[in-house]
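Dear colleague,

Please find the sequence and the structure below.

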Amino acid sequence: MTTDPLVVFTPSGKRGHFPVGTPVLTAARQLGVDLDSVCGGRGICSKCQITPSYGEFPKHGVTVSDDALSEWNAVEQRYDDKRGLKTGRRLGCQATVQGDIVIDVPPESQVHRQVVRKAATARAITMDPATRLYFVVVEEPDMHSPTGDLERLERALREQWHIDAVTADLSLMSKLQPVLRKGKWEVTVAVHKGHKDSVAKVVEIWPGLHESGLYGLAIDLGSTTIAAHLTDLETGEVKASSGLMNPQIRFGEDLMSRVSYSMMNPGGDQEMTKAVREAINDLSTSIADEAGIDADLIVETVFVCNPVMHHLLLGLDPVELGQAPFALATSESMSLPAREMDLTKMNPRAQVYILPCIAGHVGADCAAVALSEEPGKSEDLVLIVDVGTNAEILLGNTSRVLACSSPTGPAFEGAQISSGQRAAPGAIERIEIDPVTKEPRFRIIGSEKWSDEDGFDQDVATTGITGICGSGIIEAVAEMRIAGLLDESGLIGSAEQTGTTRCVPEGRTHAYLIHDASAEGGPRITVTQGDIRAIQLAKSALYAGARLLMDVMEVDKVDRVVLAGAFGAHISTKHAMVLGMIPDAPLDKVSSAGNAAGTGARIALCNITARSEIERVVREITKVETAIEPKFQDHFVAANAIPHKTDPFPELLQVVTLPSPTFNSAGGADEKSGRRRRRRS
């Protein structure tokens with residue numbers, strides 16, 4: 001057994017053992033990690049910046065000591081002096097492996113930048129924002145009427161706009177008098193008054209008529225990605241949508257790993273809080289640049305997030321969420337100044353609103369989905385599944401709404417998959433397998449052509465074919481089941497059993513070969529038995545959560561299913577049903593809601609009445625705790641089969657024919673496959 005240090009890269013999850021002294025860049029290249037370098041490792045281009053992490057990492061099975069990388073060297077110091085390196089960053093070409101280490105590759109160091117596919121969904125929203133613009137004419141000062149400028153501004157707002165009283169921070173007061181005089185006593189002010197505020201607050205002031213707009217951010221802070229929508233607070237129009245990977249991934253890919261990191265590393269929660277706040281600051285700057293606006297015009301931000309992200313965003317230790325009874329520090333909505341959260345790349349007096357959490361494992365993101373999709377107003381029984389690293393599930397109608405959280409893990413995001421990657425140009429996102437020839441055809445992110453169409457090679461020349469993302473692996477596994485390459489238990493057949501040489505030996509099991517560019521130095525993309533198992537575990541958790549809610553509701557069928565989230569928006573309903581990710585339903589009753597959590601955040605940003613509404617609604621939602629329900633495990637085990645061991649899925653079988661081979665590790669198949677089982681000698 002090797003004694004060489006273990007190197008784990010995030011967010012890819014790729015790992016390997018390397019001799020002491022191996023440069024991080026070399027380790028990344030040998031593992032196929034997406035780490036950029038233009039200068040060939042000479043410390044000139046700085047493209048290979050990485051962020052090492054130290055402490056206990058139970059998820060990865062390593063303890064990282066402070067001396068796991070070589071010491072800071074003169075080349076890194078020279079670059080830091082000239083251009084600056086973010087705190088904690090190292091150059092991958094200069095830092096060498098000295099011990100077990102967990103290394104994060106930030107988005108700007110990746111050749112194939114991640115595509116955060118949580119675009120805004122078109123939605124009609126009644127505009128009633130908490131922050132509004134008001135143009136006022138202020139009375140000039142008079143020695144015979146000694147009142148302050150703020151008091152006369154307050155009087156102008158009361159007389160001209162019926163705003164009874166206002167306050168202002170000291171930072172606003174410092175610019176009040178110069179702006180009033182520059183505008184010749186005509187000014188535009190941004191006034192914030194939340195739905196629970198008794199007094200309004202002036203958050204910004206401009207001379208004359210301000211015509212450059214007023215903006216807010218609706219942010220869906222997920223375990224894996226952070227998605228933001230820059231929204232015009234006057235019209236509700238989304239001016240730009242952008243996102244990035246959550247840098248907390250380096251502390252753990254799933255929520256419980258991050259809770260464990262906080263438990264086992266004193267100050268670990270503060271590390272994670274700092275990382276996510278810095279990322280939000282970077283995102284605020286980049287989205288403002290993309291829209292061509294001054295970031296100071298962002299005066300309000302609404303956050304939706306799961307409970308662990310909620311606590312880490314606010315700087316609260318999430319340790320209590322890792323053990324029964326899963327107590328939240330607070331479940332109520334929160335309104336506070338952005339500066340209290342170190343959010344400095346927006347207006348210095350910007351305000352933050354965070355939607356309420358439903359319970360210890362069902363957070364503000366689920367509340368946002370409820371606000372967007374309104375299951376409590378549905379006449380028919382609707383199942384809403386927000387698919388992600390941690391799935392949020394709602395089931396209800398006008399009589400009752402239930403909610404639960406199901407730990408699906410990162411497989412749906414492309415993590416823990418042998419050829420997996422998160423969505424980026426070059427990643428396979430769609431796949432079809434001919435049931436007769438067993439040959440695949442696929443599409444990648446960045447091209448509209450299928451791999452067997454003319455012009456495909458020219459289309460992918462720039463990006464290459466780099467791996468397979470979440471939607472791609474789901475379709476691949478489902479297509480393998482439809483094509484008879486996979487039996488009900490999830491076992492991949494051999495070449496003899498399946499009739500295709502694309503089923504290749506992989507240790508004691510088999511894998512299905514999708515694409516092989518190894519002869520040209522490219523990747524060899526396969527679906528392995530381990531990949532199938534990871535998808536089985538994820539989809540079983542999803543199905544079991546939904547089925548548990550149906551048990552509580554005492555129903556065996558739902559009228560319709562809504563798939564939400566970035567993943568839910570990109571997976572085909574047919575493939576989701578073939579896998580058994582969700583309970584059986586007519587395919588025409590399974591739809592996508594896009595980024596419903598992000599839509600809920602936008603609604604709360606643009607309409608303060610909606611904030612009062614969701615605060616009322618969450619108190620009426622019944623939370624079901626999957627962690628302590630015995631039936632959850634029963635449903636989970638039965639759902640390991642594809643599509644399911646006991647549920648016949650009659651609606652699905654009307655439109656899809658599923659072969660019924662049964663493969664065995666000895667290399668044969670039983671009579672169900674139509675082939676003779678080979679005897680052992």
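Predicted model: local features only at pLDDT ≥ 70, side-chain atom pairs only at ≥ 80, totals over all residues.

Residues are numbered from 1 along each chain as its sequence is written, and side-chain values use heavy atoms, with hydrogens and water left out.

The sheet

Four strands make up an open sheet of mixed pairing, in the order 8-10-11-9. Strands (E, at least two residues) and helices (H or I, at least four) are DSSP runs numbered from the N terminus, and two strands pair if DSSP finds at least two bridges between them. Strand 8 (131-137) and strand 9 (166-168) are the edge strands, each pairing on one side only. On average, neighbouring strands of this sheet are turned by 40° against each other, direction ignored; axes are lines fitted to C-alpha atoms, for helices over the stretch in contact, and angles run from 0 to 180 degrees between N-to-C directions.

Strand 8 and strand 10 (residues 186-192) run antiparallel and are joined by seven bridges. Arg132 has Val191 of strand 10 as its bridge partner.

Two helices pack on the sheet. Helix 3 (residues 149-161) touches strand 8, strand 9 and strand 10, and its direction makes about 100° with that of strand 8. Helix 4 (residues 170-182) touches strand 9, strand 10 and strand 11 (200-207), and its direction makes about 40° with that of strand 11. Contact here means heavy atoms within 4.5 Å.

Ile249

Ile249 is placed in the loop between strand 14 (238-245) and helix 5 (255-264). Its relative accessibility is 1%, so Ile249 counts as buried (under 20% relative accessible area, with a 1.4 Å probe and protein chains only). Beyond its neighbours within four places in sequence, Ile249 is in contact with Thr10, Pro11, Ser223, Thr224, Arg258 and Arg422. Pro11 is 238 residues from Ile249 in sequence, yet the two are 6.1 Å apart in space, C-alpha to C-alpha.

The largest pocket

A pocket is an open set of points on a 1 Å grid over the protein atoms alone, where a 1.4 Å probe fits, with protein on both sides within 12 Å along at least five of seven lines; lining residues have an atom within 4 Å of a point. The largest pocket is lined by 31 residues, and Lys86, Arg89, Pro106, Pro247 and Asp282 lie nearest its centre. Helix 6 gives the largest share of this lining, nine residues.

Yours sincerely

Notes
Buried < 20%, exposed > 50% of the residue type's maximum accessible area, 1.4 Å probe, protein only.
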